[in-house]
Amino acid sequence: MFDEYKAAITSQVAALSGASPDVIASAIEFPKVTTYGDLAIAVPRLRIKGNPVQLAKTWADEFKADDQIDSAIATGPYLNFRINRALFARKVLTTVNSEGPKYGWTNSGAGKRVIVEFSSPNIAKPFHAGHLRSTIIGNFITNLYKAHGWETISMNYLGDWGKQYGLLAIGFERYGSEEELVADPIKHLYDVYVSINKDAEADPSIHDQARAYFRKMEDREEDALALWQRFRDLSIVKYKDIYARLGIDFDVYSGESQVGEGMHRAMKMLDEAGILVEDKGAVLLDLEKYKLERVLVKKSDGTALYLTRDIGAAIERFEKYNFDKIIYVVSSQQDLHLKQLFKTVELLELPYADRFQHINYGLVKGMSTRKGTVVFLEDMLRDSKDNMHEVMRKTEEKYAQVENPDDVADKLGISAIVVQDMMAKRIKDYEFNWDRILTFEGDTGPYLQYAHARMCSIERKVEGTVKLNPDADFSLLSEECARDIINLLARYPDTLASTLQSLEPCNIVQYIIKLAHAVSTAVEQLWVVNQPQEIAEARLMLYHCVRVVIGNALTLIGLTPIERM
């Protein structure tokens, strides 16, 4: 949005200074305070001999205003530029209005395909609140790639194979309930798993029975596979309910069980590459010279392990989807495993070895219900919704106007959890804090939703009296608070583009916070109701565009924008 203005500055400053246009373009920045200008150059960055303060003054005096740039002002060693505000406001607001939900999108990834693998719970273990990070970060990354024109494939790689399923089958014979399995398969299977593990502590032979059962599964015995398939299918149905609540719909439900011939081919390729060593009948991959340790790839009983399966999965995925990039959204606890996988793919000289990326993240600490128990994600979402409902009921008049308060409370609760998670850089661990997130005060999910709902409210109040006019006189938006908002709206496409490089959701969250703060200041000064028609139309379009961009950004991080609360 600022490109033509930066180009006009670059052209003139290059002629005045003799500096390289590339150096000048890279030196143009947004000042932290817009008192002196909308764009600025720190003169020392141009690496021109002379006193930077004097150079800034000389160039400011010689700079000629044009259609894009109104003036240049020297402030110490800084050269500040005022852009043509009326022209800029018209360009920004009409673009946001016309592009709507696709404002900021590009086609930079057109013709490319990315697989994003995320969430990936283990069926025999709790689908707990800790899975939230992978789930919401992966969904965000998928949305971000879509916004840049990529074809995306969201993949849930379930932990659905291994000896634990033998253990689960033995446990189900003892503790299983058909009624409870159908009602809530994830929780019931977890309860069964916990019970049989306790039994196995007292009777180690249970583990032998589990191994024997899993061997039947690997030998494709029909009865053993039928029970496992039922556990898997029922669990996926339940997962889909939870994901739907988070607004997530996976393109592919894959899993360890789905890796077939690729795993055997992987073992053969590893053997032919000469990078395996044997130790007491077990087979290991020696990556010590890369400081990645030795990795067990096949047990002495012939059972293949995670790395072998992951290599096989990578081979099968490329052959099926021909991806240009594959992203694994997995916690930092798996950093070593992913480094081992990527190095192995490289050593096998697979032609797509450079298309793999690991997006890691830190841990959530203290994530439990208010009752103090470690929770399933579904319990977490219910708790959050109930707490938001309590907060909403405290304002009776507004509560009465909400059409579906239960649904709004659910969306607000999810917003509270997601925004807290995305406030800081991915890699940071953080303490989950109920009291901090379940408030409309401060930089929280409910506060950001409130900013969006407030813009919707302004539009509703003037419906029929003030029209949404893209040809309004935007030169009337001369106040500093209006200028700040327009600048922020203009930066949204650049924010999306830079976030595609970092894949940090906090960039988008911090952007929404800045925009919400800016509009919170503006609404106290720039009224729409009972104003002259021309001023009202210009301000209404400003607030409409804020609503569009906040809505776009909330959708990008996986939230449903709320219109009334």
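## Strand E7, covered on both faces

Strand E7 (residues 252–255) has both of its faces covered. On one side sit Val252 and Ser254, on the other Tyr253 and Gly255, and all of them are buried. Here, buried means under 20% relative accessible area, exposed means over 50%, and partly exposed is in between (1.4 Å probe, protein chains only). Helices (H or I, at least four residues) and strands (E, at least two) are DSSP runs, numbered from the N terminus.

E7 pairs with strand E6 (residues 151–158) in the parallel sense, over 4 bridges. Two strands count as paired if DSSP finds at least two bridges between them. Opposite Tyr253 in E7 you will find Asn156.

## About the model

This is a predicted model, in which local features need pLDDT of at least 70 and side-chain atom pairs count only at pLDDT 80 or more, while totals for chains, interfaces and linings use all residues. Residues are numbered from 1 along each chain as its sequence is written, and side-chain values use heavy atoms, with hydrogens and water left out.

E3 and strand E4 (residues 78–83) run antiparallel and are joined by 6 bridges. Thr75 has Tyr78 in E4 as its bridge partner.

## Two residues with positive phi

Most residues other than glycine have a negative phi. Lys280 is not a glycine, yet its phi is positive, about 55°. Look for Lys280 in the loop between strand E8 (276–279) and strand E9 (282–286). Lys280 is exposed because its relative accessible area is 80%.

Leu503 also has a positive phi of about 55° without being a glycine. The loop that holds Leu503 lies between helix H19 (480–502) and helix H20 (505–522). Is Leu503 buried or exposed? With a relative accessibility of 0%, Leu503 counts as buried.

## A negative surface patch

Asp219, Glu221, Glu222 and Asp223 form a negative surface patch. Patches are made of residues with over 30% relative accessible area and no salt bridge; like charges are joined within 9 Å, and nonpolar side chains (Val, Leu, Ile, Met, Phe, Trp, Tyr) within 5 Å. A salt bridge is a side-chain nitrogen of Lys or Arg within 4 Å of a carboxyl oxygen of Asp or Glu.

Asp223 is located in helix H10 (residues 222–245). Asp223 is exposed, as its relative accessible area is 69%.

Conventions: Accessible areas come from the Shrake-Rupley method with a 1.4 Å probe; for residues, only the protein chains shown count as cover. Lys and Arg count as positive and Asp and Glu as negative; His and the chain ends are not counted. The place of a charge is taken as NZ of Lys, CZ of Arg, CG of Asp or CD of Glu.
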